[in-house]
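Notebook open, structure loaded. I want to go through the chains one at a time and jot down what I find.

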Amino acid sequence: MSVLTIRKINKTYGNEAVLHDINIDMQDGEFLILVGPSGCGKTTLLNMIAGLESVTGGEIAIDGRRINGLGPRDRNIAMVFQSYALYPNMTVRGNISFGLEMRKVPRPRRSEIVNRVAKTLQIEHLLDRKPAALSGGQRQRVAIGRALAREPSLFLFDEPLSALDAKLRDEMRTELKILHQRLKTSMVYVTHDQIEAMTLGDRIAVMYGGRVQQLGAPQDIYDNPTNRFVAGFIGSPAMNFIPCELAEENGAFGVRLSGGEETRLLPLPDAIADKLKSWGRGKAVLGVRPEHVTPSTAEQQTEAVSCPVNVVEPTGPNTYVFSKVNDVEIIVRCTPGHAPEAGSRAKLEFDLSKALFFDPETDDRVA
Amino acid sequence: MAANSPAASAGTYRSSRWREHLDTVLPKLTLVPTGAAALIFLYGFIAWTIWLSFTKSTLLPNNRFAGLAQYRFLFKLDTWWVSVTNLVIFGVLYIVICLAIGLFLAILIDQKIRAENLLRTIYLYPLALSLVVTGVAWKWILNPDLGLQSVVRSLGFTHFTFDWLVQPHMAIYTIVIAAVWQASGFVMALFLAGLRGIDGAIIKAAQIDGASLPRIYLRIIIPSLRPVFFSAVILLVSMAIKSFDLIIALTGGGPGYATWLPAIFMYNYGFNRGQIGLGTAAAVLMMLAVALALLPLILSELKEKRRASTR
Amino acid sequence: MLIYAILIFAAAYYLLPLYVMLTTSLKTLHQVNNASLLSLPDPITFKPWAEAWSSACMGVNCSGLQHYFWNSVSFVLPAVFISTVFGALNGYVLTKWQFRGSNLFFGLLLVGTFVPYQMFLLPMAWTLGKIGLSNSIGGLVLVHSVYGLAFTTLFCRNFYVSMPDELVKAARVDGAGFIRIFWRIVLPLSLPILMVSIIWQFTQIWNDFLFGIVFTSGTHQPITVALYNMVDTSSTGIKRYNVDMAGAVITALPTFIIYILAGRYFVRGLTAGSVKG
């Protein structure tokens, strides 16, 4: 059964439309990510699910019950905020039990629940402290505890990790994932961080300009983005986009690439070539991920393009090489031992079986 | 536990809608008393006072329209022009001296001074005192018979005279002395807060660039206090125009009417002499004066903000 | 060193009137008239204080300031309470429950901090008469509450603006409504700004003279007006500066004590009030 159904949701402020026809259907126990750059409408959508913002058009249902117009307290949801929003005047115990108190849960039952939640999150020793006396990670846990205590149908997370430093963020991310696997609760999670989205989500909704650009499993979105925005947004470093000409020479259909000296025509696999032929235009944008371009090891590789090596950035496990193809900067991922030297030229091989092609005008994927 | 059974759903839905409705209505309801008070006692009274200034009201308010007659009459009164002249003298001196003393003391206190808290407390306490108390105290200090004049004379300067309090042309300056005493510490506190808000790195950078300390203050720090000047001047202007208690207590408006200000004029004509029309006309002109003094300030500050944001 | 010399000189200037007030109030009339303004009282006498408190004359009424002191207490406390409560509620609504027009509401209210009170005196005097509150403590409570609202609202609004909205959202998700969020979450966090508002309002209302002299007469006057009358009366006969000064100190005492005890909040109120532009 679906725990959350969003049907044709619209939101406008005055004359300005911020969300257009959002449709999402979420299964019970699913971890759904709303990801996108700031201003894409993801937080607005979350607030609408929570009942903190009104719905302009469309329908939201939780557990099959239409909830438009219901207040946040009657939606059977709990929410974890970016700043945690712990009540500074109450102890941790008070914070966790406040929602239960508001729902008139009797006192003994309340303390039972608080103790159970505290045990789950290993914050029992903090129960009598005030939020000001907690570290960032502890506050985060209390905020999650406050949500857990209520046992709602649906958990909402609004960028809960973005206030933490990098190391703690990684730890909490893993903890959240474990928590979800253990409790099997339904979660909607808003973030602008595509790595969080990839690692946590059962499914990801990539949002941009008030629309869901693509909704799917993380790997599927990574491998098969529907348009140039999704392709560029998911993945780090971002996918390379190279404007290029498509041409057929000596019976081979391919793409023209140049590293500044000679221009090469690299033949495309049949499946891609067929799609591009039926699309029928001469110019496209080639999308290729950094890991699908590699410096050639063989001396005389005919399928490789000679390119300048402008900057070399070692990061430890990988080394990134910045080069230029068809006058745009591209990033190439190499294993550390095989990186060319900055200032030299290198022959780059393009794995065109993984290549994507986008319409230069509409940014839609064409192959 | 918190799950709603479908059967209860319709009732819950209605009660939920009702509580949501309450949450949209209650906030507005909360503002009603204040809104009503502002509508009546602020805007209603402003309109009423303006209307009264166009009527022939004397001892009691009446609605017989007089056009600009009260204003014309007002402009013929010597007492009015003395009040206006006094306000200009008092206002300009009060504001300039308060700013100068306030800025000077703030800069000194900002030099990592010992006993800073004690000094700040001393400079600021006059503002906590009632202006009537201030007036009574200064009236005693400035009285020619037993006050400062006699103190200085007893030191051997037997011809020293300091009798401004009873000199019609000088009495207004005694009001400046007392008013500056009362408010300059407050201006100091404002400037000090501004100085503390300045990023220390800017000063360090200027020192590395080789600027001397006075130069740093003149070229960097004081110009960056612009918003503080702005709010200090706004406050001082409205305090100057409203000045009433201090003058009543210190000089009683005298000698004669030598130290009248528009606020005194308004009180005397509106309440003591039964000339409501004249009194309200004076009040309206006072409000216009505040508006005329503050509008250019606020506009220039807004313009500055816009310039800064588009830069 | 020069800095300290200047600062101490300035301190002397600010302290001089306080010193003169205190020493004069403890002198005999003989010493006041014959010794220097700056001399220390010798012998020290508390008679001027006793006289100012219980037997000095205001016109023909010779019962001292005590009655007027309690007059002031009896309208200052309710007026401070009312204006602060509404200021806090208004600030809460204007920041956490904004609606279309709430900013306009605030802007229109702020005008109240700039308009000279002279604009309100005559209509208010007439209105107080019509509703039976002229020359009464109730009238002063009304006047001071109303004209303090703009300031208390300004203070509280500026404070609540910096309180995270997410707190209110979290409480709404937790199931609390408008009133319970204020009572359980917002109010317990408001102590600093309530102090500022209370101290500011107390100082303003206690020290007020204009409303007191315009709207009250005789035995209903506040202490500031009574002090003025006392000094005025004494200046017609023999000038009894020691009693005048004792009266001035008595009048100044409540606000002075508050300033010494809670000056921190006092300064914060002033600076908060000054950033209204």
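**Ground rules**

I am working from a predicted model, where local features need pLDDT of at least 70, side-chain atom pairs count only at pLDDT 80 or more, and totals for chains, interfaces and linings use all residues. Residues are numbered from 1 along each chain as its sequence is written, and chains are lettered from A and ligands numbered from 1 in the order in which they are written.

**Chain A, hairpin**

I started with strand β12 (residues 252-258) of chain A, which runs antiparallel to strand β13 (residues 263-267) of chain A, with five bridges joining the two. For the record, strands (E, at least two residues) and helices (H or I, at least four) are DSSP runs, numbered from the N terminus. Two strands pair if DSSP finds at least two bridges between them. I looked across from Leu257(A) and found Arg264(A) in β13(A) opposite. Four residues lie between the strands of this hairpin, and Gly260(A) there has a positive phi near 110 degrees.

**Chain A, sheet**

Next I traced an open sheet of five strands in chain A, in the order β15-β19-β16-β17-β18, with antiparallel pairing. Which strands stand at the edges? They are β15 (293-295) and β18 (328-334) of chain A; each has a single partner strand, so one side of each is left without a neighbour in the sheet. On average, neighbouring strands here are turned by 45 degrees against each other, direction ignored. The axes are lines fitted to C-alpha atoms, for helices over the stretch in contact, and angles run from 0 to 180 degrees between N-to-C directions.

I then followed β18(A) to its partner, strand β17 (residues 319-325) of chain A: seven bridges, antiparallel. Within that sheet, Thr319(A) sits opposite Cys334(A) in β18(A).

**Domains of A and B**

Chain A splits into domain 1 (2-233) and domain 2 (240-358), with bounds from an automatic or database domain assignment. I get 40 Å between the C-alpha centres of domain 1 of chain A and domain 2 of chain A. Their contact takes four residues from domain 1 of chain A and five residues from domain 2 of chain A, contact meaning that C-beta atoms, placed from the backbone, lie within 7 Å. On the domain 1 side of chain A I count one nonpolar, two polar and one charged. The classes are Ala, Val, Leu, Ile, Met, Phe, Trp, Tyr, Cys and Pro as nonpolar, Asp, Glu, Lys and Arg as charged, and the others, Gly among them, as polar.

For chain B the assignment gives domain 1 (6-52) and domain 2 (73-310). Taken over C-alpha atoms, the centres of domain 1 of chain B and domain 2 of chain B are 41 Å apart.

**Chain C, overall**

How many helices and strands does chain C have? I find 13 helices and zero strands. The C-alpha trace of chain C spans about 75 × 60 × 30 Å along its principal axes.

The domains of chain C are both given in two segments, domain 1 (2-64 + 239-251) and domain 2 (66-226 + 261-274). Their C-alpha centres lie 33 Å apart. Domain 1 of chain C puts seven residues into the contact and domain 2 of chain C puts in six residues. On the domain 1 side, α3 (47-54) and α13 of chain C each supply at least two residues.

**Chain C, a helix pair**

I lined up helix α4 (residues 66-96) of chain C with helix α10 (residues 191-207) of chain C: the axes come within 9 Å and cross at roughly 140 degrees. The two are therefore oblique to each other; under 35 degrees would count as roughly parallel, over 145 as roughly antiparallel, 65 to 115 as roughly perpendicular, and the rest is oblique. Among the residues that meet are Val76(C) and Gly87(C) in α4(C), and Phe202(C) and Trp206(C) in α10(C). By class, this contact has nine nonpolar, six polar and no charged residues.

**Where C meets B**

The contact takes 70 residues from chain C and 80 residues from chain B. Helix α13 (residues 241-274) of chain C gives the largest share of the chain C side, 15 residues. That side has 52 nonpolar, 17 polar and one charged residues.

Last, I checked helix α4 (residues 116-124) of chain B against helix α1 (residues 2-25) of chain C: about 35 degrees, axes 8 Å apart. Leu119(B), Ile122(B) and Tyr123(B) of α4(B) touch α1(C) through residues including Leu7(C) and Tyr14(C).

Methods. Contact = placed C-beta atoms within 7 Å.
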